[in-house]
Amino acid sequence: MSLNKVILIGNVGKDPEVRYFDSGSAVANFPMATSERGYTLANGTVVPERTEWHNIVVRRDQVAFVEKWVKKGSGVYVEGKIRTRTYDDSSGARRYITEIHADRVEFFNFGGARRDDGQQSATTASTPQEGPFGAPAYQQPSTPQTSSFMESSDADDLPF
């Protein structure tokens with residue numbers, strides 16, 4: 001098991017950007033927000049909700065799924081590895097960027113409800129395997145599939 005493996009569940013902040021290269025390969029990037037609920041301590045101190053933003057990078061066979069199905073506001077489950085890269089900006093200052101290089105991207109339904117526009121959520125792939133929480137997962141959909149990994153009334157608490 002990799003020591004830098006991460007699992008994130010959150011919402012996509014904007015539509016993915018997909019770039020194709022002359023070699024035929026492609027890469028997709030999108031921001032993803034994860035939130036930790038606010039709470040009140042026993043002494044009355046209020047700790048506010050905290051939202052973290054993550055840069056997600058998708059390569060190989062997952063790019064087609066992300067390009068076709070993932071949109072701003074989509075609830076997603078991401079498994080991947082943490083990678084930090086550096087560069088020098090135009091003023092010569094060293095900059096650091098931390099990214100999650102996704103090995104797996106799936107839809108995550110926060111409340112079990114379908115979208116109002118009549119579209120169904122899709123999950124990833126062609127060979128069934130077990131996804132998070134024992135639900136079926138797929139790698140590349142030929143047709144949209146619905147996904148409901150967790151029943152929760154927490155959808156109203158999301159920052160979207």
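These legends describe close-up views of a predicted model.

Residues are numbered from 1 along each chain as its sequence is written, and side-chain values use heavy atoms, with hydrogens and water left out. Local features need pLDDT of at least 70, side-chain atom pairs count only at pLDDT 80 or more, and totals for chains, interfaces and linings use all residues.

**Figure 1. Overview of the predicted fold.** Helices (H or I, at least four residues) and strands (E, at least two) are DSSP runs, numbered from the N terminus. Their order along the sequence is β-β-β-β-β-β-α-β-β-β-β. Of the 160 residues, 34% count as buried. Buried means under 20% relative accessible area, exposed over 50%, and partly exposed in between (1.4 Å probe, protein chains only). The accessible surface of the protein is about 9900 Å², and carbon and sulfur atoms contribute 48% of that. These areas come from the Shrake-Rupley method with a 1.4 Å probe; for residues, only the protein chains shown count as cover. Among contacts in the protein with a separation of 6 or more, 58% are between residues 24 or more positions apart. A contact means heavy atoms within 4.5 Å.

**Figure 2. Strand pairing around E6.** Two strands pair if DSSP finds at least two bridges between them. E3 and E6 are antiparallel and share 10 bridges. Glu 36 has Arg 50 in E6 as its bridge partner. E6 also pairs with E8, in the parallel sense, over four bridges. Here Val 57 stands opposite His 101 in E8. In a regular strand the side chains alternate between the two faces of the sheet.

Figure 3. Arg 60 sits in the loop between strand E6 (50-59) and helix H1 (62-69). Its phi is near 60 degrees, a positive value in a residue other than glycine. Most residues other than glycine have a negative phi. Arg 60 counts as exposed, at 63% relative accessibility.

**Figure 4. The buried side of helix H1.** Gln 62, Val 63, Phe 65, Val 66 and Trp 69 are buried in H1. They lie on the same side of H1, because they cover an arc of only 165 degrees around the axis. The arc is that of the directions from the helix axis to the C-beta atoms. An α-helix has 3.6 residues a turn, so residues three or four places apart point the same way. The buried residues of H1 pack against strand E2 (17-20), strand E3 (26-36), E6 and E8.

Figure 5. The structure holds one aromatic pair. The ring centres of Phe 65 and Phe 107 are 5.7 Å apart and the planes meet at 75 degrees, so the pair is edge-to-face. Rings of Phe, Tyr and Trp (its six-membered ring) pair if their centres lie within 6.5 Å; planes under 30 degrees apart count as stacked, over 60 as edge-to-face and the rest as tilted. Phe 65 belongs to helix H1 and Phe 107 to strand E8, so the pair ties together parts that are 42 residues apart in sequence. Both Phe 65 and Phe 107 are buried.

**Figure 6. A salt-bridge network.** The structure holds 10 salt bridges. A salt bridge is a side-chain nitrogen of Lys or Arg within 4 Å of a carboxyl oxygen of Asp or Glu. One network links Lys 5, Glu 79, Lys 81, Asp 103, Arg 104 and Glu 106. Lys 5 and Glu 79 meet at 3.9 Å, N to O. Lys 5 lies in strand E1 (residues 5-12) and Glu 79 in strand E7 (residues 75-88), so their bridge ties together parts 74 residues apart in sequence. Lys 5 is partly exposed, at 32%, whereas Glu 79 is buried, at 15%. Asp 103 and Lys 81 form a salt bridge at 2.7 Å, N to O. This pair links strand E8 (residues 94-107), which holds Asp 103, to strand E7, which holds Lys 81, 22 residues apart. Asp 103 is partly exposed, at 29% relative accessibility. Lys 81 is also partly exposed, at 21%.

Figure 7. In the salt bridge of Glu 99 with Arg 85, the closest N and O atoms are 3.1 Å apart. Glu 99 lies in strand E8 and Arg 85 in strand E7, so the pair ties together parts that are 14 residues apart in sequence. Glu 99 is buried, with a relative accessible area of 9%. Arg 85 is partly exposed, with 43%.
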